[in-house]
Amino acid sequence: MMIVSYIGLGSNLGDSRQILTEAIQKLASLGSVQTSKLYQSPPMGPQDQPHYLNAVARLETELSALDLLDQLQQFEQEAGRVRLRRWGERTLDLDVLLYGNQQIQNERLTVPHVGILERDFVVIPLLDLDPNLHIQGHRLDNLALLQHTTLTEVADQCWANI
Ligand code: ROI
């Protein structure tokens with residue numbers, strides 16, 4: 001069955017723009033992909049690390065949630081994923097934000113992603129892809145965090161050439 005999933009992308013080590021572009025190309029092998037705009041975002045966590053590039057992809061896929069997670073983890077490894085510390089810098093982070101309207105809770109996966117409603121670098125790109133999105137009864141476009149965002153737009157929705 002075709003499911004619409006939303007994947008969060010983040011990078012603040014290496015050539016982040018190239019790393020995210022390659023990640024989008026790989027996601028496109030899993031189904032039909034659309035991308036949000038590309039954003040620069042100050043680090044959440046320790047401040048002595050580079051700014052992040054963040055985006056969200058909308059993926060229509062036949063993969064189960066766990067098969068999707070396996071693929072994302074493989075793509076992270078292929079990008080030479082380095083994670084230096086908890087809440088610290090990383091080469092590539094791919095998170096399952098939403099998987100249809102399903103709630104999933106197991107050792108490997110929590111969906112909707114923890115903190116999804118508190119992170120502007122997730123909410124704003126999600127709104128690029130679906131301005132009417134609701135999560136856990138909240139209209140995303142009504143969230144208070146949208147009033148004082150720290151995101152900077154660095155490219156339009158064509159940034160990954162998709
Ligand atoms: N901060 C920002 N701005 N963007 C991220 O993608 C990101 N990812 C993380 C932590 C370390 C929480 N901080 C982040 O995993």
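Tutor: A pocket, on a 1 Å grid over the protein atoms alone, is an open set of points where a 1.4 Å probe fits, with protein on both sides within 12 Å along at least five of seven lines. A molecule sits in a pocket if more than half of its atoms lie within 2 Å of its grid points. Here, the space taken by the ligand is the largest pocket. This is a predicted model: local features need pLDDT of at least 70, side-chain atom pairs count only at pLDDT 80 or more, and totals for chains, interfaces and linings use all residues. Residues are numbered from 1 along each chain as its sequence is written, and side-chain values use heavy atoms, with hydrogens and water left out.

Student: Which part of proline 42 faces a nitrogen atom of the ligand?

Tutor: Look for polar contacts, pairs of N or O atoms within 3.5 Å. A polar backbone atom of proline 42 is 2.8 Å from a ligand nitrogen. Methionine 44 also places a backbone N or O atom 2.8 Å from a nitrogen of the ligand. Asparagine 54 uses its side chain: an N or O atom there is 2.8 Å from a ligand oxygen. On its own the ligand has 360 Å² of accessible area, and the protein covers 93% of that (Shrake-Rupley method, 1.4 Å probe).

Student: Where is tryptophan 87 in the fold?

Tutor: Tryptophan 87 is in the loop between helix H2 (65-78) and strand S5 (93-99). Helices are DSSP runs of H or I with at least four residues, and strands are E runs of at least two. Now check its backbone. Most residues other than glycine have a negative phi. Tryptophan 87 has a positive phi of about 65°. At 41% relative accessibility, tryptophan 87 is partly exposed (buried is under 20%, exposed over 50%, partly exposed in between).

Student: Is asparagine 161 buried or exposed?

Tutor: Exposed, with a relative accessible area of 67%. Asparagine 161 follows strand S10 (152-155). Its phi is positive too, near 60°.

Student: Which two residues does the cis peptide bond join?

Tutor: Most peptide bonds are trans. Here a cis bond joins valine 111 and proline 112, with omega about 0°. Proline 112 is in the loop between strand S7 (110-111) and helix H3 (120-129).

Conventions. Polar contact = N/O pair within 3.5 Å; in protein donor to acceptor, adjacent residues only side chain to side chain. 1 Å grid on protein atoms, 1.4 Å probe; cavity = no way out; pocket = protein on both sides within 12 Å on 5 of 7 lines; lining within 4 Å. Buried < 20%, exposed > 50% of the residue type's maximum accessible area, 1.4 Å probe, protein only.
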